[in-house]
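Here are my notes from going through this one.

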Protein chains: 2
Amino acid sequence: MRENLTHAIEDYLKIIFELTLEQPRASTNAIAERMGVAPASVTGMLKRLAANEPPLLEYRKHHGVELTPAGRQVALEIIRHHRLLELFLHETLGYGWDEVHGEADRLEHVISEEMEERIAQRLGEPQVDPHGQPIPTRELILPPHSTLSLDQLQSGQSARVERVEDDDADLLRYLYSVGLVPRAELTVLERSCFDDNLSLQVGAHVVVLGPRVTRQIYVEVL
Amino acid sequence: MRENLTHAIEDYLKIIFELTLEQPRASTNAIAERMGVAPASVTGMLKRLAANEPPLLEYRKHHGVELTPAGRQVALEIIRHHRLLELFLHETLGYGWDEVHGEADRLEHVISEEMEERIAQRLGEPQVDPHGQPIPTRELILPPHSTLSLDQLQSGQSARVERVEDDDADLLRYLYSVGLVPRAELTVLERSCFDDNLSLQVGAHVVVLGPRVTRQIYVEVL
DNA sequence: AAGAAAATTTAGGGTTAACTAAATTATATT
DNA sequence: AATATAATTTAGTTAACCCTAAATTTTCTT
Ligand SMILES: [Mn+2]
Ligand SMILES: [Mn+2]
Ligand SMILES: [Mn+2]
Ligand SMILES: [Mn+2]
């Protein structure tokens, strides 16, 4: 299913999958920004992926793309690799949760299905990675997960942290230092309407976080 | 030291290093064969590597190449990655000695120095890989190792297996089945002059091996 | 020392995946 | 509805890395 595909293609599909969890289609510019390439480069790649046999995405000029089932499968395969690797590096080599992402981002493209399988077994078929992100099953089904980000909470609400975005090492170190890790419980003390800052009670601490941060933390309301 | 270098370059340097353990220079055709590419492709790459700043090898038209100290360093770095990874896969994920090579051959190019270091620590600064091949030190010094291959032994000589080539999975499975693994002891019962076959006593077994096999096993005479 | 064989290089081409600059299309504002 | 702005695509390049076919150079054989 994945023999011909280059690392670049795998990264495009993974990023498009993540973008289309939020909106129905992913735009050229949004893809370009996450990929760190010029928009013109994205256009070229999207045409190739749409022309692939089988097509990996559906491309409508000036209107962005949506993955086909085939494209979604490849994306989930890579996401499974990524998250299993993150957990493996954390558990087996003692990597911190702020260090695993970069390494996994390169390894995800080169490990075999055999290695994926051995890691999953060794870790006891885990369901979440070190950031609380759900690991797609062997059958490539993405377990249910919260899509409610912290910045959508109102004053007075209590919630439990389910997962956080994994790609900003500095942010991860900060979150760890204030106890905002998966399973941590918190209460919104105050919401400032002007700048959308939240004052949070986290254990004994009180923390004030801006929306750039709170958008990256997903919670379940208690 | 290795930031700009592509995976292809790393593979060329590794293979040239291995070829020049035997002879003083590596020929275009020998490199092409081990790389699995056309000789014309090798010529192009050798020019690039010789023109690199710093030069990674010295290239004399029609006379093959020799690595520079810079090229040798890169090769040893990759070989260290490869052998540490083989042992790590074997020890941590239960891979067989016939399964580790292919996986390590891809991973060797993408792991960070951080990961190299964590693996080495986790394994207790090991000196040899699952095939008995010496692992270059952190300072990129290749430990001393036997260059006497089994096919050079005479009738009546006894020896201990030090290491075997790692790239033929079928051969490795066969060698395992007859007990020809690192540290195994053997005696040459007979040497057939016509075809260079060796009859070996290995434990309770008697095994007859042709030179294509005995050339890939390196020993210390007892 | 020629001629044959083997090894190597040159020439020309293809794919992947990026780039910049210019042109085009869509969307938002007035 | 026209215009301005933003998003996107097209066109033209570049670099890495491979290929085949043809030409050249070296080495081997007689
Ligand atoms: Mn990646
Ligand atoms: Mn993660
Ligand atoms: Mn390799
Ligand atoms: Mn080995």
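The points below cover the metal site, the chain interface and one glycine.

1. Before anything else, keep in mind that this is a predicted model. Contacts, distances and areas below are all computed from that model.

2. Start with the metal. Which residues coordinate the manganese ion (ligand 2)? They are Glu86(A) through OE, Asp129(A) through OD, His131(A) through ND1 and Asp166(A) through OD, at 2.0 to 2.6 Å. Water is not among the atoms, so the site may look incomplete. If you plan to check the geometry, the ideal angle for four tetrahedral donors is 109.5 degrees, against 90 or 180 degrees for six octahedral ones.

3. Along the sequence, the donor residues of this manganese ion follow the spacing E-x42-D-x1-H-x34-D.

4. On to the interface. Chain A puts 18 residues in contact with 18 residues of chain B. About 1600 Å² is buried between the two chains, with carbon and sulfur atoms giving 60% of that area. On the chain A side, the residues that lose the most area to chain B are Leu93(A), Val110(A) and Arg118(A), which together make up 35% of what that side buries.

5. What about polar pairings across the interface? There are 14 residue pairs in polar contact between chain A and chain B, counting pairs with both residues at pLDDT 80 or more. The rule also finds 2 salt bridges across it. In one salt bridge, the side chain of Arg118(B) meets that of Glu99(A), at 3.1 Å from N to O.

6. As for where the chain A side comes from, helix 4 (69-93), helix 5 (100-107) and helix 6 (113-122) of chain A each supply at least two of the residues touching chain B. Helix 6 of chain A gives the largest share, 5 residues. By type, the chain A side divides into 9 nonpolar, 3 polar and 6 charged residues.

7. Last, a glycine to click on. Gly71(A) sits in helix 4 of chain A. Is Gly71(A) buried or exposed? Its relative accessible area is 0%, so Gly71(A) counts as buried, the cut-off being under 20%. Setting aside neighbours within four places in sequence, Gly71(A) is in contact with Leu13(A) and Leu56(A). Leu180(A) lies 109 residues from Gly71(A) along the chain, and their C-alpha atoms are 34 Å apart.

Note on methods:
Residues are numbered from 1 along each chain as its sequence is written. Chains are lettered from A and ligands numbered from 1 in the order in which they are written. This is a predicted model: local features need pLDDT of at least 70, side-chain atom pairs count only at pLDDT 80 or more; totals for chains, interfaces and linings use all residues. Side-chain values use heavy atoms; hydrogens and water are left out. Donors are N, O and S atoms within 2.8 Å of the metal (3.2 Å for Na, K and Ca); water is not among the atoms, so sites may look incomplete. Contact means heavy atoms within 4.5 Å. Buried area is the accessible area (1.4 Å probe) that two parts lose on being put together, summed over both. A salt bridge is a side-chain nitrogen of Lys or Arg within 4 Å of a carboxyl oxygen of Asp or Glu. A polar contact is a pair of N or O atoms within 3.5 Å; within protein, one must be able to donate a hydrogen and the other to accept it, and residues adjacent in sequence count only if both atoms are side-chain atoms. Helices (H or I, at least four residues) and strands (E, at least two) are DSSP runs, numbered from the N terminus. Ala, Val, Leu, Ile, Met, Phe, Trp, Tyr, Cys and Pro count as nonpolar, Asp, Glu, Lys and Arg as charged, and the others, Gly among them, as polar. Buried means under 20% relative accessible area, exposed over 50%, partly exposed in between (1.4 Å probe, protein chains only).
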